[in-house]
Amino acid sequence: MLFQGASYALKPLVITNARENYNLGTYLEFFEDKDKNLTINDISSEAFQNKFQKSQMDVLNFGVTDSAVWVRFQIQNNKSANKNLLLLDFLHIDKAELFYKNENGQFIKRISGDSVPLFEREIEDRNILFRLAPRADKPVTYYMRFEMQGTMALPLQVVSRASFNKRLNKENYALGMYYGAIICLIFYNLFIFIFLRDRNYLYYISYLFFFMLVMMANYGFGLEHIWYNYPKFHNYSVNVFLPPTLFFMALFSRNALNLSETIPWANKTLKIFLYFMIFLFLMSPVLSVALGLVINWLSVIALFLFLYIISFIAYYRNYSLAKYYIAAWTLFFTGTIMLLLRNFDILPVHFLTEYTMLMGSSAEHILLSLVLAKRVETLRERNETLSRELTESRLKALQNRMSPHFLFNTLNAIYAMMQSSKVNINPAKKAVIQLADTYHFLTDYALKPLIAFEDEWNFLMNYLEIMKTRFKDRLSVEIQKSGKLNNVLLPPLTIQPIAENYFKHGLKKTSDKKLFIKIFTKTVQDGAEIQVIDSGSGLKEGNIFLGTIGGIKTRLEYNYTNVKVELNNVETGGVSVVIIFYGRRKI
């Protein structure tokens, strides 16, 4: 008699013509081989007969383990024809070995698993399948050995060939539709990226591409159709593809939620996460599969929770696109959490926990595409508003610069110079040239969107020289300029209006006071920091100067992502204005 010691303890599963599918869960007995050094002869010997434990679950799940697991069970096949298959309905087992004895009492060995090339498997399929022993007169005892670097779940079933083929066709159809939808989304968003040149579309396309590779690895399509000759790579494939997936998801989220402006601390946190994903990707060939999976899935949980939380924060800060983001992540987050709970042996293995991430991600991809579409619409409306305000601001600035008061005051100062210095009229000539250069700038540069920093600086210097001509020794001007400002661009009439405001509005109640104006500037990344300090009467509520600064800030924000303006009264009298801008937009 075959396996007499085992046959006394095991209750056989009886297969009849009445049913198509059978769950082996409660018919199993298992033994955990922590050293992974036992052979079939060891495990089938009398010494191990009483060491097996009876399964009390429909699906054995050992969570993340590095042990080998042995199971044994008996099947009595009473069907008229041997058309049944043994199915392990979990694709991620590295190696599955099936043992049973033939009529001569010799062990027959069959192998499968995702570390085994398809051509070496008994049945060439991405699923782990075996044919049952070809006899039906008495129960047959089977032993199976499993190895896995990661989650060990063993949903063993006996299925008819007809029902399995029917199920396989449905799965292939669903997965084919899913991958086809992702490919369509990739090309759709790529087409939009080509025309709009919005980097966020490129981030989203990259996220979709790597996410599709993760799904192909997770559901066996990669091993079956793409890297079928590289089963060792398949073991590491999820650990290789998940870091860039999370990297581009984080990068996309930073821009889609406009975190640099809406939630700056979240933007900095995601920047740290991006560096960690680069490190994890580079370490993926070095880390063990089990450790890599744990770190990657914990990173998935951390990122999704973080994005979910900041989506609500952005929504409560009136960022309209956040509501689409919340909906997308609610669906995807639900599916992902169910999959992770299954991997950690908290939820059972069945169709819903196996494919819930697929269903959730499909909805998430569509909603995130809507986020991009709404973002383009929002940016278009924002740009139209800013463009209108910018045009109005430029025209207002030009009108102010062409004010006849400035011209008359300057001409009066030049006339006074000529009257008092009839012998030496060179200062008056110089003042006329400076006045001409000033109006040359106003007519040739004032309506341009951006000009070189040096052009704006030269215009400012001409203006200050004219003011020195007007106020003579009473005015002191201090200039400090540092850094490489040659490549910096800024809107025209950015600095000079701040200085002019001092002479137009800040000299009230200072008729006998020594006048001074200090201007400091330095480079900040691709922009600059400008500080203007004067000795005027100070800033008061409702001061017309606030409108001047508002126009300058509007024009800077149209061209730069980071703009900061500070106005403060100086203790000794006067106003300090600090303007910082960097991060030029690609318009």
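This is a predicted model: local features need pLDDT of at least 70, side-chain atom pairs count only at pLDDT 80 or more; totals for chains, interfaces and linings use all residues.

Residues are numbered from 1 along each chain as its sequence is written, and side-chain values use heavy atoms, with hydrogens and water left out.

**Stop 1: the open sheet**

Select β2, β13, β7 and β10. These 4 strands form an open antiparallel sheet, in the order β2-β13-β7-β10. Helices (H or I, at least four residues) and strands (E, at least two) are DSSP runs, numbered from the N terminus. Two strands pair if DSSP finds at least two bridges between them. The edges are β2 (21–23) and β10, each pairing on one side only. From one strand to the next, the twist averages 25°.

Zoom in on β7 (residues 84–88). Antiparallel to β10, it pairs with that strand over 4 bridges. Leucine 86 has phenylalanine 130 in β10 as its bridge partner.

Axes are lines fitted to C-alpha atoms, for helices over the stretch in contact, and angles run from 0 to 180 degrees between N-to-C directions.

**Stop 2: β5 and β12**

Select residues 60–65, strand β5; 5 bridges join it to β12, and the two run antiparallel. Glycine 63 stands opposite methionine 152 in β12. Is β12 (residues 150–154) mostly covered or uncovered? Mostly covered: 5 of its 5 residues are buried. Buried means under 20% relative accessible area, exposed over 50%, and partly exposed in between (1.4 Å probe, protein chains only).

**Stop 3: salt bridges**

The whole structure holds 18 salt bridges. Each is a side-chain nitrogen of Lys or Arg within 4 Å of a carboxyl oxygen of Asp or Glu.

- Select lysine 36 and aspartate 66: their salt bridge is 3.7 Å, N to O. Lysine 36 lies in the loop between β3 (29–33) and α2 (40–43), and aspartate 66 in the loop between β5 and β6 (68–77), so the pair ties together parts 30 residues apart in sequence.
- Select arginine 110 and glutamate 122: the N to O distance is 3.1 Å. Arginine 110 is partly exposed, at 27% relative accessibility.
- Finish on Asp89, Arg126, Arg167, Glu171 and Glu224, which salt bridges link in a network.
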